[in-house]
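User: I'd like to learn how to read a few features of a model like this one. Could you walk me through it?

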Amino acid sequence: MSAPATIDLEDLGLESGGHLLVQRGLRDLPVGGRLSVRGQDPALRTHLGAWCRSQGHGIDLTGVTPVVVKGSASSARWHRAERAGRPDVNGVVPRADVRWGLAPRGALVEEGGPPLNVDLIDQDVVWADAARQLYVNGAARQWNPDTAIAWDAEFELPEEIETAVVQVMTYLIENEYAALQIPAKFIGRLHPHYREVMQVLSVQVADEARHVEVFTRRALLRSSELGVSGAGGRASLQTLLDEPDFSLAAFLLSVLGEGSFLDLLSFIARHAPDPVTREVASLAQRDERRHVAFGMAHLKYAVEADRSMLGRMRMAAERRHDALASTAGLNQDVFDSLIVLAAHSWSPAAITDGWSAVQQLQYDMDQGRQRRLAQLGFPADEATELSALHTRNFM
Amino acid sequence: MTILMGAVAYDAKVVTIWDGFRRYFTERGLDFDYLLYSHYERQAEDLVGGRIDAAWNSPLAWIRARRLADAAGIKLEALVMRDTDRDLRSLVVTKVGSGIENLSQLDGRTIAVGAVDSPQANLLPVSLLRKNGLIPGENLTVRRFDVGVGLHGDHIGGERDAARALMAGAVDAACMIDANHLLFSREGVLPAGSTTVIGETDPFDHCNMTIGPSADPAEVSRFRELLLAMSYDDATLRPLLDLEGLKLWCPGRTSGYQALETAVDEIGFYGSGGDVRASDYRP
């Protein structure tokens with residue numbers, strides 16, 4: 001038998017971390033390898049005996065210096081361990097293993113433990129190459145609802161114009177709830193192996209929570225009541241909540257819905273009768289651009305992976321249209337409020353201007369949708385047709 | 001035929017462990033079930049009486065069952081034991097600076113021990129003290145911490161209370177198993193470097209899987225084979241083995257129980273026929 005490897009714990013006891021040095025000394029020894037453990041702690045022999053027993057190592061106490069004989073258990077735990085991909089973005093695997101659980105991408109995962117109860121485990125189903133960059137941008141551009149807006153800005157609005165603003169805010173809040181709940185729902189179904197997607201969706205949820213905050217605060221700035229919530233608008237949002245497919249939900253919500261909302265928020269910012277309304281709309285629009293960008297990036301990726309995705313997207317848009325065919329779509333009060341908001345007054349000339357502005361808004365929304373549909377690979381005629389099917393509720 | 005095993009429910013984890021092991025056995029064709037007892041005495045009696053086929057026994061329960069079996073002309077078998085059941089030591093510990101540096105200096109002093117039926121924290125170390133001329137009630141006062149009486153020391157509470165009494169200055173020395181001295185030192189119950197080990201028993205063995213007269217030999221053979229085949233490599237078994245505190249099962253041996261036999265006789269804990277004699281023992 002060759003001379004055992006030796007370590008000296010000096011006066012360090014096993015109760016104060018000495019086991020770390022022993023483990024380190026054993027690390028590179030084969031099973032059955034011997035490690036002589038020197039030290040001045042009076043309890044060393046006793047504690048080393050108890051520790052070895054608990055770790056599955058043998059101990060030889062026949063000599064002056066105790067000798068640890070390496071057992072197989074310390075390495076057995078890692079015999080069948082496997083790496084959960086690699087940590088960098090190139091280490092993403094096409095299908096994440098639910099047995100990895102919440103282990104970070106790239107970690108060495110011990111076999112066993114409960115499998116993760118998620119179903120979004122395929123890269124094709126959730127991925128976007130831009131996810132990392134969109135997350136970084138989103139995280140860097142978070143704003144504080146309390147300080148980002150000059151809540152105490154001075155302005156006077158006629159009562160009925162203020163009522164129109166409150167109605168538009170009420171409508172926006174309702175829509176933001178949907179835009180918050182949908183990514184939140186998918187986060188719970190997503191394998192965290194696709195970390196960047198999880199992060200993007202999480203920032204999206206945080207963004208929407210902030211939008212809910214500022215729209216509510218603007219609504220209640222001069223009023224003690226909110227506006228009305230129409231059944232048709234809620235029916236439209238419910239069809240978004242009911243879409244179980246990640247890509248199709250991204251298509252309906254982010255590309256068509258939030259895409260249209262970019263124009264709506266831009267309209268509100270441009271025609272806002274007061275500075276607070278202008279600011280909340282512009283800040284929200286800035287965030288929504290990122291949401292649309294993620295939806296677009298994901299769908300481009302998904303279409304590239306599988307061209308039949310275009311057909312599924314078309315069917316989803318048609319299905320949603322059919323489901324909403326018998327509902328009113330956009331609440332008339334919201335539509336009218338947008339006209340009044342843009343008109344700023346009740347003179348026939350102002351109302352004419354407001355009306356034209358809303359006509360222009362609808363045209364812009366339609367153009368925007370067509371442009372994005374074309375970018376995803378739909379032929380121009382199909383893009384026109386699909387854009388026209390989009391809900392009258394805008395989102 | 002079913003192998004029906006008794007186990008003492010000293011902790012809720014016992015159900016997790018034996019449910020898991022039961023699944024392992026039944027998946028491999030062994031019809032195995034288990035019965036939980038609230039203390040070891042009835043389990044030992046039922047094993048010898050043939051009401052259960054096997055018992056996961058404490059060392060003290062092994063001694064009681066063996067004595068009952070001998071009296072009835074029955075032979076028991078210590079089938080397997082955990083790797084962690086072999087060569088344990090109990091310690092007598094004092095506070096650094098107390099001036100007590102060897103066992104003889106405990107003459108006239110007070111020591112703290114675990115529960116009345118704890119082999120490692122009472123019976124074995126007290127026997128060691130006797131061997132060194134320290135007789136409880138004569139030149140040594142014993143303060144007992146009866147936690148989990150009937151569990152034969154499986155409950156750690158008595159040992160921990162004894163260690164706390166030592167640090168509080170209520171006693172001059174405390175008795176505990178080597179692994180718990182390490183544990184209490186790590187936990188800070190006994191701050192690192194604050195205690196000295198002044199006495200240590202010879203190595204002794206702990207639990208074993210005892211086979212009774214009603215067990216079918218072929219089933220026992222399969223039971224043994226499957227226990228010894230449990231591998232720490234197996235991710236399904238590993239958490240159960242961790243809970244039960246072993247890395248592998250070893251063949252049973254009875255050579256490590258002699259010191260406890262002596263300790264039991266010294267105080268007449270059990271009679272030679274396995275009757276419970278200790279008057280202050282109420283499991």
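**Reading strands, cores and a contact**

User: Let's begin with strand pairing: in β10(B), which residue is the bridge partner of B:V80?

Analyst: The partner of B:V80 in β10(B) is B:M209. Strands here are DSSP runs (E, at least two residues; helices are H or I, at least four), numbered from the N terminus, and two strands pair if DSSP finds at least two bridges between them. Strand β4 (residues 77–82) of chain B and β10(B) run antiparallel, joined by three bridges. Strand β3 (residues 54–57) of chain B is also antiparallel to β10(B), with four bridges; there, B:A54 sits opposite B:I211.

Before going on, the ground rules: this is a predicted model, where local features need pLDDT of at least 70, side-chain atom pairs count only at pLDDT 80 or more, and totals for chains, interfaces and linings use all residues. Residues are numbered from 1 along each chain as its sequence is written, while chains are lettered from A and ligands numbered from 1 in the order in which they are written.

User: Which way do the side chains of β10 (residues 208–211) of chain B point?

Analyst: In a regular strand, side chains alternate between the two faces of the sheet. Here B:N208 and B:T210 point one way, B:M209 and B:I211 the other, and all are buried. Buried means 20 or more other C-beta atoms within 10 Å of the residue's own (exposed is 12 or fewer, partly exposed in between; C-beta atoms are placed from the backbone).

User: And how many residues are in the largest nonpolar core?

Analyst: A core is a set of buried Ala, Val, Leu, Ile, Met, Phe, Trp, Tyr and Cys residues joined through C-beta atoms within 7 Å. The largest has 101 residues, and B:A162, B:A174 and B:L260 have the most contacts inside it. A second, separate core of 84 residues includes A:I149 and A:L299. Contact means C-beta atoms, placed from the backbone, within 7 Å. Beyond neighbours within four places in sequence, the contacts of B:L260 include B:P59, B:L123 and B:F204.

User: How many residues does each chain give to the contact between A and B?

Analyst: Chain B gives 22 residues and chain A gives 22. On the chain B side, α6(B) gives the most, with six residues.

Notes: Two residues are in contact if their C-beta atoms, placed from the backbone, lie within 7 Å.
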